[in-house]
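Please keep the sequence and the three-dimensional view at hand while reading.

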Amino acid sequence: MAGYFKKMYHSISTVLTGLGVTIKYGINPKTEVTQQYPEVKREPPDGFRGKLFVDINICTGCTACARICPVDAITLKTVRDENKKLRPVLFDIDNARCIYCGLCVEACPVDNCLYFEKKYEFSAYSKQDLISHFGLGEVKPAESKTEDKKTEAEKEGKEAAQ
Amino acid sequence: MTKADEKFMQVNMGPQHPSTHGVLRLLVTTDGEVLSGVKPYIGYLHRALEKIAERVTYPQFTPFTDRLDYLASMNCNLAYAMTVEKLLNIEVPRRAQILRVIMAELNRISSHLIAFGSFSSDMGAFTPFLFGIREREFINDLFEIACGARLTYNYIRIGGVSKDIPGGFIEKTREFLDYFPAKIKEYNELLSYNAIFIKRLANIAVISPDDAFDYGITGPNLRASGIKWDLRREEPYLIYNELDFDVPVGKGEMGKTGDAWDRYMMRIYEMEQSAKIVRQCLDLLAPGDYTAKVSKVLKPPAGEVYVRAENPRGELGFYLISDGSTKPYRLKIRAPSFANLSIIPKLARGVMIADLIAIIGSMDIILPEIDR
Ligand code: SF4
Ligand code: SF4
């Protein structure tokens, strides 16, 4: 009989201890930890891996980022412009495919060329809208279609002769 | 169907059941309220990670290891990085090793917090889940300032870590460590020593040491059965041999050794130990390199290695065969949850349906790791 009451006391006391913890949080507004998300927006810290951004004007078109990407989220097409520099005409990043691993950012040899923005809200209604296009589009192509050094040298020689 | 079979009923539990911790389908044969057999069906989260490993280069596979046990990505990153380093014979700088231990142990805490929280919500107590998530948020914030991501970190890389910790990280971690013990005490008051909770779990689904060995159970579930086996102690990697921590084992405080309550409590004890380890590591942290010099193109010599590490859920192993090219020839992943799941049919025979939830919850399995 004594054991029965002891057990009962034990059960009730442990439940009340637990309840005490809950009530402590319930009545103390200082313990509130929730942020009301759409109204209050959280500022991510530096180095946050959000949406990718490319500064296409300084991109050298080396394709290091596209090659390292483990899920092939970057589509890159380069042509040589009039100064024979590689230019990325097509630079698409599929945000639906990207896993935000950061390998491409680390692989990019140009400072502040490819980096993560602190943006984390970019949902869209269709998958197509999730592709960011950074490419330059059309660039004036190099005069000689072939990248053969010899022909270029010949041409230069001709010009000099004239 | 024979006459004897007719009294049994077959019911599917899952794959969308909230307490199956992912997408696990259990085909349950019941005789009224009593289970006569349980058959797990897995594979709903299969992403062919082992096959993907053969198609990507060594560094490229690291982000995929995040997606093995997503609640303990750091630990998975770590085990994979150690495997490749062993193959390549890379010496990891001391600072990187300490950083790795800090991250791995913080991740162990956050993983156990989810185990604690989800188990309690399976058992019908919702408040502890919110408490667990609240403390985990702290750790997520720490990881976020260290590597920029909150779940799939890709932080521990071959050769070291991806970048050094920013200023303020150490202070914030210390703040967390000062704040955390009081919270563990709260968990204990709220749940662990609650008479109803104990009554619900004590003597349920007892795993004997022999069974644990037979099924290859590892991690907290093995230690709950009274076996002192922790890879951090038995086969110290990184700097674990310099650190002072205890390996808690189940003692059958509330019932038999190896029951569901013991398994639950192991995680609470381990969180305390992990916090102790992180504190020591913060004291050891000295300036230095955060990564070894690793060439961009990794071409390990032909050969094979097996490396295992203590994950929050048990022993995670990578068996890697290299043929001398830039891509692994074969990568076999030994997932601890897979072994832990395999004992569920045995445990669940003859118990009540409600106890099945307690069994799954106390094993703390995670499906992406099982299906890979
Ligand atoms: S962050 Fe990772 S997945 Fe995304 S584009 Fe860069 S390399 Fe590819
Ligand atoms: S790695 Fe950098 S420079 Fe090279 S193509 Fe990519 S964004 Fe451009």
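## The model and chain A

The structure is a predicted model. Chain A contains four helices and five strands, and these elements follow one another along the sequence in the pattern α-β-α-β-β-α-β-β-α.

Chain A has 162 residues, of which 33% count as buried. Where contacts in chain A join residues at least 6 apart in sequence, 73% of them link residues at least 24 apart.

## The interface between the chains

On the side of chain B, 30 residues are in contact with 26 residues of chain A. The area buried between the two chains is about 2100 Å², and carbon and sulfur atoms give 55% of that area. The interface also includes 14 residue pairs in polar contact. Four helices of chain B, namely H2 (58–65), H5 (127–147), H6 (169–192) and H7 (195–201), each supply at least two residues of the side that touches chain A. Helix H5(B) provides the largest share, with seven residues. By residue type, the side of chain B that touches chain A consists of 13 nonpolar, seven polar and 10 charged residues.

Between chain B and chain A there are four salt bridges. A salt bridge joins the side chains of Glu106(A) and Arg157(B), with a distance of 2.6 Å from N to O.

## The nonpolar core

In soluble globular proteins, nonpolar side chains tend to be buried together. In this model, the largest nonpolar core has 144 residues. The residues with the most contacts inside this core are Phe91(A), Tyr155(B) and Leu356(B). Helix H11 of chain B, which spans residues 260–284, gives the most to the core, with 13 residues.

Which residues does Leu356(B) touch, not counting residues up to four places away in sequence? Its partners are Met13(B), Leu26(B), Val28(B), Leu35(B), Val38(B), Ile344(B) and Ala348(B).

## Salt bridges

Over all chains, the structure holds 36 salt bridges. Glu54(B) forms a salt bridge with Lys51(B), and their closest N and O atoms are 2.9 Å apart. Both residues belong to helix H1 (residues 49–55) of chain B and stand three residues apart, about one turn of the helix. In helix H6 of chain B, Glu186(B) and Lys183(B) are likewise three residues apart, about one turn of the helix. The closest N and O atoms of this salt bridge are 4.0 Å apart. Glu186(B) has a relative accessible area of 6% and is therefore buried, while Lys183(B), with 11%, is buried as well.

A further salt bridge joins the side chains of Arg223(B) and Glu270(B), at 2.5 Å from N to O. Because Arg223(B) lies in helix H9 (residues 220–224) and Glu270(B) in helix H11 of chain B, the pair ties together parts that are 47 residues apart in sequence. Both Arg223(B) and Glu270(B) are buried. They also belong to a network of salt bridges that links Glu105(B), Arg108(B), Arg223(B), Asp230(B), Arg232(B), Glu270(B) and Glu310(B).

## Two residues in their surroundings

Arg49(A) is placed in the loop between helix H1 (2–27) and strand S1 (52–54) of chain A. Is Arg49(A) buried or exposed? Its relative accessible area is 11%, so Arg49(A) counts as buried, since the limit for that class is under 20%. Leaving aside neighbours within four places in sequence, Arg49(A) is in contact with residues of chain A, including Tyr100(A), Cys101(A) and Gly102(A). Phe116(A) is another contact; the C-alpha atoms of Arg49(A) and Phe116(A) are separated by 5.4 Å, although the two residues are 67 residues apart along the chain. The contacts of Arg49(A) in chain B include Cys147(B), Gly148(B) and Tyr153(B). The side chain of Arg49(A) also reaches the backbone oxygen of Thr152(B) at 3.1 Å.

Ser120(B) is part of helix H4 (residues 94–122) of chain B. Its relative accessibility is 0%, and therefore Ser120(B) counts as buried. Apart from neighbours within four places in sequence, Ser120(B) is in contact with Ala125(B), Pro128(B), Phe129(B) and Leu191(B).

Key
Residues numbered from 1 in each chain as written. Chains lettered and ligands numbered in written order. Predicted model: local features only at pLDDT ≥ 70, side-chain atom pairs only at ≥ 80, totals over all residues. Heavy atoms only, no water. Contact = heavy atoms within 4.5 Å. Buried area = accessible area lost by both parts, 1.4 Å probe. Polar contact = N/O pair within 3.5 Å; in protein donor to acceptor, adjacent residues only side chain to side chain. Nonpolar A, V, L, I, M, F, W, Y, C, P; charged D, E, K, R; others polar. Core = buried A, V, L, I, M, F, W, Y, C linked by side-chain atoms within 4.5 Å. Buried < 20%, exposed > 50% of the residue type's maximum accessible area, 1.4 Å probe, protein only.
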